[in-house]
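Please read this briefing with the sequence and the model side by side.

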Amino acid sequence: MRGVTQARPQAAGRARRFACAAAVALAATGCGGGGNGGGGGDGTGILSSSWGDPQNPLEPANTNEVQGGKVLDMIFRGLKRYDPETGEAKNMLAEKIESDDSQNFTVTVKKGWKFSNGEPVTAKSFVDAWNYGAHLDNAQKNAYFFEYIEGYDEVHPEEGDPSAKTLSGLKVTGGQTFTVKLNQKFSTWPETLGYNAFAPLPKAFFDDHDAWVKKPVGNGPYQVESYQKGSVMKLRKWEDYKGPDKARNGGVDLKVYTDNNAAYTDLLSGNLDLADDIPAAQLKNVESDLGDRYINEPAGIIQTLAFPFYDKGWGEGKEKLRQGISRAIDREKITEQIYHGTRTPASDWTSPVLGEKGGYQAGICGEFCDYDPKAAKKLIDEAGGLPGGRMTLTSNVDTGSHRVWLDAACNSINNALGKDKACTVNPVGTFADYRNQIGDERMTGPFRAGWQMDYPLIQNFLQPLYYTNASSNDGKWSNKEFDKLVDEANAERDTEKAVRKFQDAEKVLAEQMPAIPLWYQNGSAGFSERLTDVKLNPFSVPVYDQIKVG
Amino acid sequence: MPEPPPPAQPSPPQNPHEAVAPTGSGGAADLAMTEAETLEGGGRTAAGNVHNKPRSLWSDAWRELRRNPVFIISAALILFLVVISLWPQLIVSTNPLHCELAKSQAGREPGHPFGFDTQGCDVYARTVYGARASVTVGICATLGVALLGSLVGGLAGFFGGWADALLSRAADIFFGIPVILGGLVFLSVVTSSTVWPVVGFIVLLGWPQIARIARGAVITAKQHDYVQAARALGASNGRMLLRHVAPNAVAPVIVVATIALGTYIALEATLSFLGVGLRPPTVSWGIDISNAAAQIRNAPHMLLWPAGALSLTVLAFIMLGDAVRDALDPKLR
Amino acid sequence: MGRYVIRRLLQMIPVFIGSTFLIFIMVYALGDPVAALFGDRAPDPATAARIRAELYLDQPLWKQYLHYMGQIFRGDFGTAFNGQPVLDLMVTAFPITIRLTLIAVVIEMIIGIVLGVVSGLRRGRSVDTTLLFLTLIVISVPTFVTGYLLQFLFGVKWGIVRPSVSTDATFGELLLPGVVLALVSLAYVTRLTRTSIVENVRGDYVRTARAKGLPRRRVIVRHLLRNSLIPVVTFIGTDIGALMGGAIVTERIFNIHGVGFQLYQGILRNNAPTVVGFVTVLVIVFLLANLIVDLLYAVLDPRIRYA
């Protein structure tokens, strides 16, 4: 019964959204720095990098968290790839993707690409992979990515057994071409194709699935040399890779760490080359520890507090209350004192990584995201005060370091209201329990929400979170005007106009405040003296192929 | 006030306890000891008892305790802890729940002698106010664990056989429950913001350890000749347990319990960390120590004070335990 | 004696059934694990239903339990959510944790008993007081802090050892974590030994032995210590189970992929096969440790006999 004196949380439910990003931290000790040096800038040096045990088998359509995504990003290339710097979706395997009506697309796959086992990458490689990912029998967690393709309801019905084997909207029309029919207009659909779920799969995947899962085979710049589950995956440069982004190092050893602090300590002692998540407790001293070997770059992650619209105290007609809470939180102080610059106060519902062109616009939230305790108190009083005179902030506490900012936010609210027990934190023990409570609509006050983008589109920051009954609309907010603007934006063929429509939709969020934007999250990493050219992409994953060793 | 009994003679009969050489040789020696015990027992009663009232070992112990400076110091410390637990405002005027993030991890300043924690709360106020929850959890959980554990372990060790098998195996099953799992299952359904669910939980999972210790001690004590003698003389089970076995088996229980007191206060932090311990806005040393631990490189003062308070509490109880143990050991008189 | 051991081994059967059932119910009570697999996205009901069916989670509790027990008797401990068989996890995790526990137990036994004897023989002197204060520090400073500080000093500052443990987890690498893990138990063992020594040092057999002119060392080791060890041995027996399952903090700090870590993961992910499998093995270890302790009683004190 001595138990743990204090268990630091582990990435329990590392999941697509924020939980994952914050918990990235894991990885393992290294054959790191010293030993297997090699290299000397000649592109053969091998680096060690921190990793967390992927939560699911490494199938592309089944990987919905960062750690598995990291590997897929190294061993697969899809039709599109998001530029590591700008996030812009650029053609990779796609020769071209054409459409006249934003609903029927013709995809041409570049010739000459191969999987690392020698199989050529053809139109069929994509169509088979997507059919596999969508089909209910395969129970893939990313199946919903295919939901816009016609025939999804037949292969993945909400109830009962599937009535079709393949998606009727997908047709192979030649060796390197296939057509896609969507079930609605979606002008920016091609830009979603950089996501891992859309990766092509070799025949080997279908012929011997178990062997493939043990040692995945893809078409990216690296191939898997060995995979010891739970401890280390060795990836080596694939010499015959034909793409433009050949690896500039000899390979990467991904080491599983049980805790990001262990990875950080290993980095400091020279046993690890790259730790891609700096523990919150070390942020204060990281610059003195690492100097310019510490990077801190914006990522497509936003943290918010959502409200339960099924609760009378917070739902319809309580805009002022929600806005008041927003104004009572001192974002500047919290990001500065607790996060030491690895978070930036948010003033809209997207992320700066989208860029102005992509739809990010600072200040859409207006004064409602500015800290002003007096105005906050006034707004809350006008709304009739807190429901029942008190409120809780709810979050799971097993992942990330959520407890600290929740405490700080509550203190900020309490100080604005001049009471010391008005706001308290309501911790939930596990991520699973938290998700179940949200699913059962048991929230009684603001609760942690957050979003890590799947792909760098403004649509991805708005539709899944605030559209009526969308899959991550946890607060069950529903607004006709918002829905209408999103629909219009999706149908808009001109990107610029589409973005503007989305921003109009965002203005509805400012008026209604269904979720309070708190801060944009950066990715942070530290690396050893052996490495140069270390960067993080907008998904806060290191751009491994560009790293030079030696 | 009656005089304390004459100082113990350093003669063998006074202490039959463990008188046999470890090789356990010879029934003759055993017999002799048994007799000696009986005679000595009688003699002592006659000699030490002016008022002709049987003096129990327990009242002797109390008499002994009152004169022990270690006991007096520890009792004073514990009294102090109890007083500030009940009335923290006696020695602190700041509000432990008022926190200014601008002061995050700042050092000491006038009015804030211990500095500030990460949230910018006053460490002094939190250390003093934290006593209530922590001391309550520590003392109540330890008492509960010690009583339940000694009872179960004592009975199992004393009676042996089926009773032992049943009680010990039940203890094994409870011991197998991981703290984290138990905490998440039993405490996540509780919404009470008092310390009692946490105390109850610690008792529920903590008793098997003390039970094992108590059982081992009772098995040893039971072998002593004076116990065998008492049994031979037809003493009842209850009498033997209380008068002969318990006083000789209590020492290891006291030792483990006093140290466990400290670990229970820390365990409360683990539970809070898991989101199932004391619910906010309760202030406790455990929670503050847990928050400070991660910041040890940047703000060691955050750890120093609550951990120091915890040390002081454990020290008080270890001293108390030592004094009680000494008082119960006739050899030391 | 032989019959006693057999009887004790037979008692393991009900304990095994009881504890698996209890742990199974407890994991079940944690709730549905499937929602968490989908991250912050509401699970698509059809896929969730498939996963539940695959994991046998759509059955009533008693059926799930029978199914699980049936599997176990066929040597299959089920799979973790990432598709790894729990048996594989156990085969990698237990040897590491057993090594770590062994180191910790040896440390706490040797150092703890020596310190306890010294402290007990020098009762009230400065050695005794110093050890008391060290005990207080160990108890009141969380393992996280001692572990992290030792790791930082030895691993980073002075570069004497590697700060984290590799997948091989050799004895050498586990030495520092073993020390950290042993610290709190060390406090118990020292205090228990000290108290026992203090109690027994005036025992007549000690005086007799001394009077016989036996060398001091022999008196302490053969007579005094032997009679003082029963509570210590009992404690270490209870501690083995706790060390093996409860090393979560130490394992995290030093990146040890052992039992504590796997158990913690399994609990946070509500994965019944992992948790029940690991706990069951732990309970067996615990039962065996207790049996050995009980047999040791008879060795240390021959008056204690088992029929």
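**Briefing on the predicted model**

Ser99(A) has Phe105(A) in β5(A) as its bridge partner. This is a predicted model, in which local features need pLDDT of at least 70 and side-chain atom pairs count only at pLDDT 80 or more, while totals for chains, interfaces and linings use all residues. Residues are numbered from 1 along each chain as its sequence is written, and chains are lettered from A and ligands numbered from 1 in the order in which they are written.

**The sheet in chain A**

- Helices (H or I, at least four residues) and strands (E, at least two) are DSSP runs, numbered from the N terminus.
- Two strands pair if DSSP finds at least two bridges between them.
- An open sheet in chain A is formed by four strands in the order β4-β5-β7-β6, with antiparallel pairing.
- β4 (94-99) and β6 (170-172) of chain A are at the edges with a single partner strand each, so one side of each has no neighbour in the sheet.
- From one strand to the next, the twist averages 15 degrees.
- Five bridges join β4(A) to β5 (residues 104-109) of chain A in the antiparallel sense.
- Helix α3 (residues 123-134) of chain A lies across β5, β6 and β7 (177-181) of chain A, and runs at about 155 degrees to β6(A).
- Axes are lines fitted to C-alpha atoms, for helices over the stretch in contact, and angles run from 0 to 180 degrees between N-to-C directions.

**Chain B**

- Chain B has 11 helices and zero strands.
- Of the 333 residues in chain B, 55% are buried (20 or more other C-beta atoms within 10 Å of the residue's own, with C-beta atoms placed from the backbone).
- Among contacts in chain B with a separation of 6 or more, 71% are between residues 24 or more positions apart.
- Two residues are in contact if their C-beta atoms, placed from the backbone, lie within 7 Å.

**Where chain B meets chain C**

- Chain B gives 51 residues to the contact and chain C gives 60 residues.
- On the side of chain B that touches chain C, the elements giving two or more residues include α7 (196-222) and α9 (237-273) of chain B.

**Domains of chain A**

- Chain A is assigned domain 1 (35-53 + 229-295 + 525-550), domain 2 (77-211) and domain 3 (304-522), with bounds from an automatic or database domain assignment.
- The centres of domain 1 and domain 2 of chain A, taken over C-alpha atoms, are 31 Å apart.
- Seven residues of domain 1 of chain A touch seven residues of domain 2 of chain A.

Methods:
Buried ≥ 20, exposed ≤ 12 C-beta atoms within 10 Å, placed from the backbone.
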